[in-house]
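Please look over the sequence and the model below before reading on.

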Amino acid sequence: MEREQLKKDCVDYFKQHAIWKRIFEGFRKKYCSYGRFSGTVVMKNLSGEEIEELEGFFGMNFHGKRSVTISADRFCNALLHSKFSSVTPEELLTGFFGEELLVTAQEKERKEQVLNEIRCEFRKTFENTPAVFQLSGLEELLRLKGVGADNREWKRQLWLGADIYNSLPYRWNRKVYLAVFAAERTGNPHAFDHGTRDGHLLDRIIEMDLQLRSQKVESSEAFPAYKRQKSYLLAGLLIDDVSNYTLLYNVRGVKKNGAYHRGMDGFYEEQNMVQVPLAVLSEWERIECVDHKITIVENPSIFASLCGKCSCMCMNGQPRLAGLIALDLLAESGTVVQYAGDLDPEGLCIAQKLSHYYKGIFHFWHMTEEDYRMCRSGEILSERRIKMLQKITEPRLLPAARAIAEYGTSGYQEKINYGE
């Protein structure tokens with residue numbers, strides 16, 4: 001009984017300082033490889049407090065050192081000359097980590113046995129669901145993510161992955177906002193936020209699902225975030241909130257079943273502008289315009305002035321996914337686009353990106369050098385903004401870019417006559 005208490009006291013002593021966990025993890029790895037307490041562990045970037053702790057235990061001066069090499073022999077000797085001399089290093093490691101020490105072959109066999117038990121439980125839990133047929137695929141995703149060292153975390157991620165896969169909203173022709181989906185699956189609306197571990201798992205599951213459905217989402221150099229946003233949309237998940245919309249006028253929306261969208265037909269007949277959210281656009285097959293032409297502008301006030309004259313659309317600054325989806329739908333109907341943007345560095349960069357993105361005929365409208373001279377203001381551009389003009393390579397925009405760089409001021413669209 002006294003010996004058991006001594007072992008507990010020994011473990012408690014070393015658990016008081018975090019430095020020992022790092023050291024013992026190193027020796028445990030050595031034990032798994034060699035089957036005995038041996039080898040050396042190098043500790044780098046030590047703090048002053050950690051140095052003091054090592055000096056106290058080893059009875060040595062490490063003053064001024066940022067790294068210390070600790071051999072198994074040195075540790076055993078120090079332990080032998082402490083009040084815990086009857087505790088072996090193996091007993092210490094076992095008590096410290098709360099599990100038996102195993103050599104590599106035994107460790108692999110034990111882990112495989114545990115994983116097989118988890119797989120059997122998985123098949124029973126998810127029987128008669130889509131996920132039961134994707135066990136190997138989900139396991140591969142977890143291996144790619146580096147999960148597996150901790151069986152409890154591996155199982156949690158496997159169960160979560162199956163739940164995600166079974167619950168993707170497209171299976172029921174639904175559209176769900178990402179935060180709502182996360183709250184439903186985990187109780188935390190931020191669980192699948194970009195950059196989190198579970199968010200990365202969701203990314204990979206959606207990618208796997210699209211491959212299984214033979215659906216390919218092309219990446220866009222102009223809009224790098226588009227591939228992820230479009231992939232989520234195909235899974236029935238809306239990353240952005242209801243503010244992700246586009247303004248349209250004098251157009252008709254054709255749904256995927258071939259029928260015209262009755263709401264849009266109403267706005268078309270009434271000749272009213274309408275704000276169309278992403279969730280609605282995702283239900284359409286194409287957008288049809290008068291004479292197969294549409295005018296797209298960046299500025300809402302310019303858009304308002306064009307209503308009543310032609311089919312038109314407003315990007316309202318930097319394009320969001322709704323605007324890009326609208327471009328895809330316009331391309332499906334062979335629509336010719338003419339685009340008018342701001343005559344400043346940001347406006348030219350957006351115009352160039354959109355021209356590269358659109359899979360159809362794309363014209364720039366009132367974006368010439370003459371238009372810039374007509375609307376030039378007294379607003380001085382910073383050097384940072386002027387440097388942005390170096391990104392302009394589109395020949396049709398280069399004259400305006402050179403003029404903006406020459407004068408160093410932005411242009412106001414309101415001074416341009418956009419009348420038909």
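This is a predicted model: local features need pLDDT of at least 70, side-chain atom pairs count only at pLDDT 80 or more; totals for chains, interfaces and linings use all residues.

Residues are numbered from 1 along each chain as its sequence is written, and side-chain values use heavy atoms, with hydrogens and water left out.

**Helix pairs**

Helices (H or I, at least four residues) and strands (E, at least two) are DSSP runs, numbered from the N terminus. The axes in the table are lines fitted to C-alpha atoms, for helices over the stretch in contact, and the angles run from 0 to 180 degrees between N-to-C directions.

| Helix pair | Angle | Axis distance |
|---|---|---|
| α1 (residues 2-14) and α5 (residues 89-97) | roughly 70° | within 9 Å |
| α8 (residues 151-167) and α9 (residues 178-186) | about 130° | 11 Å |
| α11 (residues 226-234) and α15 (residues 321-332) | about 80° | 11 Å |

Angles under 35 degrees count as roughly parallel, over 145 as roughly antiparallel, 65 to 115 as roughly perpendicular and the rest as oblique. On this scale α1 and α5 are roughly perpendicular to each other, and α1 passes α5 in a right-handed crossing (a crossing is right-handed if the near helix is turned clockwise from the far one by less than a right angle, and left-handed if anticlockwise). Here R3, K7, C10, V11 and F14 of α1 are in contact, meaning heavy atoms within 4.5 Å, with E91, L92, G95 and F96 of α5. By class, this contact of α1 with α5 has five nonpolar, one polar and three charged residues, where Ala, Val, Leu, Ile, Met, Phe, Trp, Tyr, Cys and Pro count as nonpolar, Asp, Glu, Lys and Arg as charged, and the others, Gly among them, as polar.

The axes of α8 and α9 make an angle of about 130°, which makes α8 oblique to α9, and the crossing is again right-handed. L160, D163, I164 and S167 of α8 meet F181, R185 and T186 of α9, a set that divides into three nonpolar, two polar and two charged residues.

For α11 and α15 the angle is about 80°, which makes α11 roughly perpendicular to α15. The contact is formed by Y226, Q229, K230 and L233 from α11 together with L321, L324, I325 and D328 from α15.

**A helix with a buried side**

In helix α19 (residues 398-407), A400, A401, A403 and I404 are buried, where buried means under 20% relative accessible area, exposed over 50% and partly exposed in between, with a 1.4 Å probe and protein chains only. These four cover an arc of only 165° around the axis, which puts them on the same side of α19; the arc is that of the directions from the helix axis to the C-beta atoms. The buried residues pack against α16 (345-357), α17 (369-375) and β14 (409-411), whereas the face turned away from them carries the exposed R402 and E406. After α19 comes G408, with a positive phi near 70°.

**Positive phi in two loops**

Most residues other than glycine have a negative phi. D291 has a positive phi near 60°, belongs to the loop between β8 (284-289) and β9 (293-297), and is exposed at 64% relative accessible area.
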